[in-house]
Amino acid sequence: GLAGLAALDAKASTRQRLAAAVYCVVPTWFLAVPAVECVAAYLRRAAEFPVLADFSRGDDRYFIETVQSLIERDELPERWSNVPGEYALRVMFMGGPYAGVDFVEPMADWTAHREMAVDLLNPSSESLSIVLRVHDTRHDHRYEDRYNRTFVLAPEERTTLAIPLEEIRRGPRDRYLDMT
C-alpha cells in the first residue's frame with residue numbers, strides 16, 4: 001500500500017515513482033496468481049461436472065492431493081490410447097499402506113447420476129490392486145463409515161470401472177452416504 005502511494009506521489013522523482021510502482025505490482029502479481037488459479041479451477045470444475053478430472057485436455061490437478069505418491073500428466077503410449085495424443089495422470093506409488101491420490105472437494109450433489117466411471121491403466125507386468133474409497137461430510141474416520149472396494153487390474157490392462165452410485169451410497173455399515 002505504501003509503495004502504491006509512493007508511486008502516485010507527484011513530489012517524487014520519476015525513478016522513485018517507477019521503483020515504487022515495481023515494489024507495488026510485483027508482490028500484487030504473486031498474490032493474485034494463486035487466487036486467479038483457484039477461481040479458474042472452481043469454474044472449470046463446475047463447467048465439467050460430473051467429470052472430476054480429464055487429463056487428456058490439460059493439467060487438471062488442482063483438486064487432487066497425493067498420499068505417499070508422485071503424480072504427473074503423461075501422454076499415453078499408442079497401444080493404450082483411444083485417440084492420438086491422449087493424456088492421463090501417472091501415479092507413482094512411493095510405498096506405505098495408503099499410497100494413492102485423493103480427489104478433494106468434488107462437486108456436491110450426485111443424486112442425478114447413476115454411476116461413477118473411473119478409467120484406469122496398469123502398464124506394469126504385475127497385477128495392481130486399487131482401493132476406491134468414497135466418504136461424505138458426515139464421515140467419522142472409521143473404515144466402516146465409508147464406501148471401500150478393492151479392484152484388481154490385470155497386467156498391462158486398461159479398463160473403465162463403472163460403479164453404481166447406489167452401491168457407493170450403501171457403502172457405510174450403519175447408514176447411507178449423503179450423495180448431496
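Trainee: What should I know before I start?

Mentor: The model is predicted, so local features need pLDDT of at least 70, side-chain atom pairs count only at pLDDT 80 or more, and totals for chains, interfaces and linings use all residues. Residues are numbered from 1 along each chain as its sequence is written, and side-chain values use heavy atoms, with hydrogens and water left out.

Trainee: How many salt bridges does the structure hold?

Mentor: A salt bridge is a side-chain nitrogen of Lys or Arg within 4 Å of a carboxyl oxygen of Asp or Glu. The structure holds 14 of them. In one, the closest N and O atoms of Glu-86 and Arg-158 are 2.9 Å apart. Glu-86 sits in the loop between β2 (69-75) and β3 (87-93) and Arg-158 in strand β8 (residues 157-164), so this pair ties together parts 72 residues apart in sequence. Strands here are DSSP runs (E, at least two residues) and helices are runs of H or I (at least four), numbered from the N terminus.

Trainee: Is Glu-86 buried or exposed?

Mentor: Buried means under 20% relative accessible area, exposed over 50%, and partly exposed in between (1.4 Å probe, protein chains only). Glu-86 is buried at 10%, while Arg-158 is partly exposed at 22%.

Trainee: Which residues are linked in a network of salt bridges?

Mentor: Asp-140, Arg-142, Glu-144, Arg-173 and Asp-174 are. Within this topic, look at Glu-144 and Arg-173, whose side chains meet at 3.9 Å, N to O.

Trainee: What about Arg-146: where does it lie?

Mentor: Arg-146 is in the loop between β6 (128-134) and β7 (147-153). Arg-146 is buried yet has no salt bridge, and the nearest side chain of opposite charge, Asp-140, is 7.3 Å away. For charge, Lys and Arg count as positive and Asp and Glu as negative; His and the chain ends are not counted.

Trainee: And how do I read cavities?

Mentor: Rolling a probe the size of a water molecule over the atoms shows where empty space is left. On a 1 Å grid over the protein atoms alone, a cavity is a set of points where a 1.4 Å probe fits but cannot get out, and lining residues have an atom within 4 Å of a point. Points are joined across faces, edges and corners, and a volume is the space filled by probe spheres set on them. There are two cavities of 30 Å³ or more. The largest cavity has about 70 Å³ of space, and its lining includes Arg-45, Asp-60, Phe-103 and Glu-105.

Note on methods. On a 1 Å grid over the protein atoms alone, a cavity is a set of points where a 1.4 Å probe fits but cannot get out, and a pocket is an open set with protein on both sides within 12 Å along at least five of seven lines; lining residues have an atom within 4 Å of a point.
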